Amino acid sequence: MTQSPESGSRTDTLRRSIRAAGLRVTVPRVAVLEALQDNPHSSAEKVTDKVRPVLKGTSSQAVYGILAAFTGAGLVRRFDPAGSPALFECRVGDNHHHLVCIRCGAIKDVDCVIGAAPCLTPSDASGFAVFAAEVTFNGLCRECQDSSTPEHID
């Protein structure tokens, strides 16, 4: 398989970001990071499905391990929408939030509500030094609002 100059450059960039996060560069790690770059807001299962054609025999456990290492190193962000498995994305360091459609599951990033991180201040921090706030806005995306199928919303 030959790489275009763009994909080689992209791979080099991914390798540098893995190394900069203090992790050893491996083919599976590059493949997982590339899958997340192409498919933000992915579950570990979806990432596994994306890397298997490239890395035959890759186990779900290996992908979970890579995602855990990436999350711990700050290279990837994990978030846990209600009723969904954990999702992962490469957009880190800006404390953005998410819009989640309760009907179709579409997810969109939304910038911080007000100001810089942390953009929300708890009424009582109980002695914690707060660094980030995670907010998920649940609702209906435009496509689901426009659909003619009514659905009960709790």
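Mentor: Helices are DSSP runs of H or I with at least four residues, strands are DSSP runs of E with at least two, and both are numbered from the N terminus. In that numbering, His41 lies in the loop between α2 and β1 (42-43). This is a predicted model, in which local features need pLDDT of at least 70, side-chain atom pairs count only at pLDDT 80 or more, and totals for chains, interfaces and linings use all residues. Residues are numbered from 1 along each chain as its sequence is written, and side-chain values use heavy atoms, without hydrogens and water.

Trainee: How many helices and strands does the chain have, and what pattern do they follow along the sequence?

Mentor: There are five helices and six strands. Their order is α-α-β-α-α-β-β-β-β-β-α.

Trainee: What makes His41 worth a remark, and is it buried or exposed?

Mentor: His41 is not a glycine, yet its phi is positive, about 65°. The classes are buried (under 20% relative accessible area), exposed (over 50%) and partly exposed (in between), with a 1.4 Å probe and protein chains only. His41 has 15%, so it is buried. Of the 154 residues of the chain, 32% fall in the buried class.

Trainee: Which class does Ser126 belong to?

Mentor: Ser126 is at 55%, over the 50% limit, and therefore exposed. Ser126 also has a positive phi without being a glycine, here about 50°. Its place is the loop between β5 (107-110) and β6 (136-139).

Trainee: Why is the pair Arg15 and Asp12 called a salt bridge?

Mentor: The term requires a side-chain nitrogen of Lys or Arg within 4 Å of a carboxyl oxygen of Asp or Glu. For Arg15 and Asp12 the closest N and O atoms are 3.6 Å apart, so the pair qualifies. The two residues are three apart in helix α1 (residues 5-20), which means a separation of about one helical turn. Arg15 is partly exposed at 36%, and Asp12 is partly exposed at 36%.

Trainee: How do you know that Asp80 and Arg78 form a salt bridge?

Mentor: Their closest N and O atoms are 3.1 Å apart, within the 4 Å limit, so the name applies. Asp80 is partly exposed, with 43%, and Arg78 has 43% and is partly exposed. The whole structure holds eight salt bridges.

Trainee: What joins Arg91 and Asp94 to other residues?

Mentor: Arg91 and Asp94 form a salt bridge, with N and O atoms 2.5 Å apart at the closest. Salt bridges with shared partners link Arg91, Asp94, Asp109 and Asp111 into one network. Arg91, at 29%, counts as partly exposed, and Asp94, at 30%, is partly exposed.

Trainee: Why is α2 called roughly perpendicular to α3?

Mentor: Axes are lines fitted to C-alpha atoms, for helices over the stretch in contact, and angles run from 0 to 180 degrees between N-to-C directions. Helix α2 (residues 27-38) and helix α3 (residues 44-51) pack at about 110°, with axes 9 Å apart. Angles under 35 degrees are roughly parallel, over 145 roughly antiparallel, 65 to 115 roughly perpendicular, and the rest oblique. The angle between α2 and α3 falls in the perpendicular range, hence the label.

Trainee: Which residues make the contact between α2 and α3?

Mentor: Contact means heavy atoms within 4.5 Å. On α2 the residues are Ala31, Val32, Ala35 and Leu36, and on α3 they are Val47, Lys50 and Val51.
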